[in-house]
Amino acid sequence: QVQLVESGGGSVQAGGSLRLSCAASGLTRSTYCMAWFRQAPGKEREGVARIYTGDDSTYYADSVKGRFTVSQDNAKNTLFLQMNNLKPEDTAMYYCAAVLSSIWNCRWKGRPETFTDWGQGTQVTVSS
């Protein structure tokens with residue numbers, strides 16, 4: 001059973017940075033699509049970034065390209081999201097998610113319903 005635990009959220013001013021972590025346990029030797037999603041109050045959950053564990057290919061939402069970087073530490077089974085130049089519209093609960101996946105599915109199937117395992121979330125608040 002896969003378990004995901006996020007950490008690193010907090011409150012920052014616009015232009016600041018945060019680094020989110022997601023500690024994963026229960027992963028097998030298979031390849032996964034690991035992702036960060038976010039959900040603001042009253043809004044749908046949206047994908048932020050994904051990484052394919054097979055070759056570290058990454059995919060980003062247009063709204064975060066050039067500001068956010070997703071990465072993984074295979075040895076520690078940890079997923080990261082480095083967030084720079086944060087904006088008030090980045091305020092949301094951030095979730096880590098995982099699914100057994102091919103690279104094709106990781107690239108083209110990034111909707112929340114694709115993912116089978118989720119963390120509890122960590123809050124990010126950006127003030128202007």
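Which residue in β8 stands opposite serine 71?

Modeller: Happy to! This is a predicted model, so local features need a pLDDT of at least 70 and side-chain atom pairs count only at pLDDT 80 or more, while totals for chains, interfaces and linings use all residues. Residues are numbered from 1 along each chain as its sequence is written, and side-chain values use heavy atoms, with hydrogens and water left out.

The residue you want is phenylalanine 80, which stands opposite serine 71 in β8. Strand β8 covers residues 78-83 and runs antiparallel to β7, with six bridges joining the two. Strands here are DSSP runs of E with at least two residues, helices are runs of H or I with at least four, and both are numbered from the N terminus. Two strands pair if DSSP finds at least two bridges between them.

Next, strand β5. Five of the seven residues of β5 (residues 46-52) are buried, so this strand is largely enclosed by the rest of the structure. Buried means under 20% relative accessible area, exposed over 50% and partly exposed in between, using a 1.4 Å probe and protein chains only. Strand β4 (residues 32-39) pairs with β5 in the antiparallel sense over six bridges, and alanine 35 stands opposite arginine 50 in β5. Six residues lie between the strands of this hairpin, and glycine 42 takes a positive phi near 80°.

β5 is also joined to strand β6 (residues 58-60), running antiparallel, by three bridges. There, tyrosine 59 in β6 is the bridge partner of arginine 50. The hairpin of β5 and β6 has five residues between the strands, with aspartate 56 in the turn at a positive phi of about 65°.

Finally, cysteine 106 lies in helix α1 (residues 103-108) and is buried, at a relative accessible area of 0%. Beyond its neighbours within four places in sequence, its contacts (heavy atoms within 4.5 Å) include Arg50 and Tyr59. The C-alpha atoms of cysteine 106 and tyrosine 59 are separated by 8.5 Å, though the two residues are 47 residues apart along the chain.
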